[in-house]
Amino acid sequence: MTKKITICLLSFFLGFSVLSYGQKDYTHSLGVTLGSLNGLSYKALVTDHFAISTDFGFKFNYIPVNRTNLTAYTFEWNTDFMYQLDMSASSSFFVGAGFILGYNWKLRCQIIDGYVQGWDWYYGRWGYTYPLPVTIPVGRSIDIFHDAGKVGAHGIIGFEFVAPDAPVNFTIDFRPGYSEFFSKTYEGKMATVGGFDWSVDFGIRYMF
């Protein structure tokens with residue numbers, strides 16, 4: 001008897017949520033992001049036109065730096081602040097910007113033209129930086145950082161679509177930006193290297 005009552009209550013609330021959230025009248029949505037960044041995704045509508053989204057997950061990075069290509073897997077936290085404009089009863093356009101924080105356990109560099117151009121930072125009385133070239137044979141791949149942090153910023157532009165018969169929305173977005181990896185060298189100094197960072201992501205979220 002208890003099981004039947006529980007099933008009836010669950011069916012009622014599920015049906016009510018479908019009827020209530022079939023349109024874009026929601027405050028929170030939780031789901032996953034897939035594409036360049038793969039992980040959990042959350043979005044909140046703070047006002048009718050202002051939204052905040054945050055994503056936690058793993059990302060494959062392919063970043064051109066000078067005449068080299070950096071490749072790395074990172075665990076990242078992306079948060080974006082967006083202006084959202086309704087296009088119809090079931091679709092919206094959004095644009096904004098956000099920040100990137102991440103961790104990388106191995107940063108691999110594919111050498112195209114014979115050197116890596118990074119920066120070695122010194123924290124003296126006046127403080128200064130200078131370029132740190134590393135010369136290796138063309139075409140080689142080397143691991144230049146281990147246990148590196150990542151910080152960056154990006155813009156975001158995309159579209160949101162709401163399922164007509166379920167409390168689910170779908171998003172697609174493009175995030176162009178710039179990121180820096182930083183880690184201590186074998187001499188104990190802080191070195192950084194970075195470049196153009198981008199991602200294309202698809203989101204599926206349950207609205208409530």
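This is a predicted model: local features need pLDDT of at least 70, side-chain atom pairs count only at pLDDT 80 or more; totals for chains, interfaces and linings use all residues.

Q: Thanks. How many bridges join β10 to β11, and which way do the two strands run?

A: There are 17 bridges between β10 and strand β11, which covers residues 190-207, and the two run antiparallel.

Q: And what about β9 and β10, how many bridges there?

A: Strand β9 (residues 148-162) is joined to strand β10 (residues 168-184) by 12 bridges, again in an antiparallel arrangement. As an example, G149 has F182 in β10 as its bridge partner.

Q: How many residues does the hairpin between β9 and β10 go through?

A: Five residues; the hairpin joins β9 to β10 through them.

Q: Let's zoom out. How many helices and strands are in the chain?

A: The protein chain has one helix and 11 strands.

Q: What share of the residues is buried?

A: Of the 208 residues in the protein chain, 38% are buried. The accessible surface is about 11700 Å², and carbon and sulfur atoms account for 70% of that surface.

Q: Which residues make up the largest nonpolar core?

A: Eight residues: Y26, L45, A51, M82, F94, I156, V162 and M207. Another core of seven residues lies apart from it, with I63, V65, L70 and A72 among them.

Q: Why would nonpolar side chains be gathered like that?

A: In soluble globular proteins, nonpolar side chains tend to be buried together.

Q: Back to M82. What is it in contact with, beyond its sequence neighbours?

A: Leaving aside neighbours within four places in sequence, M82 is in contact with K43, H49, F50, A51, I52, S53, F94, V95, G96 and I156.

Q: New topic: how many cavities of 30 Å³ or more are there?

A: A search of the whole structure finds two. The largest cavity has a volume of about 50 Å³.

Q: Which residues line the largest cavity?

A: Its lining consists of K43, S53, D55, M82, F94, I156, T171, D173, R175 and R205. The elements giving two or more residues to that lining are β3 (50-65) and β10.

Q: Which element gives the most?

A: That is β10, with three residues in the lining of the largest cavity.

Methods. Residues are numbered from 1 along each chain as its sequence is written. Side-chain values use heavy atoms; hydrogens and water are left out. Helices (H or I, at least four residues) and strands (E, at least two) are DSSP runs, numbered from the N terminus. Buried means under 20% relative accessible area, exposed over 50%, partly exposed in between (1.4 Å probe, protein chains only). Accessible areas come from the Shrake-Rupley method with a 1.4 Å probe; for residues, only the protein chains shown count as cover. A nonpolar core is a set of buried Ala, Val, Leu, Ile, Met, Phe, Trp, Tyr and Cys residues joined through side-chain atoms within 4.5 Å. Contact means heavy atoms within 4.5 Å. Two strands pair if DSSP finds at least two bridges between them. On a 1 Å grid over the protein atoms alone, a cavity is a set of points where a 1.4 Å probe fits but cannot get out, and a pocket is an open set with protein on both sides within 12 Å along at least five of seven lines; lining residues have an atom within 4 Å of a point. Grid points are joined across faces, edges and corners, and a volume is the space filled by probe spheres set on the points.
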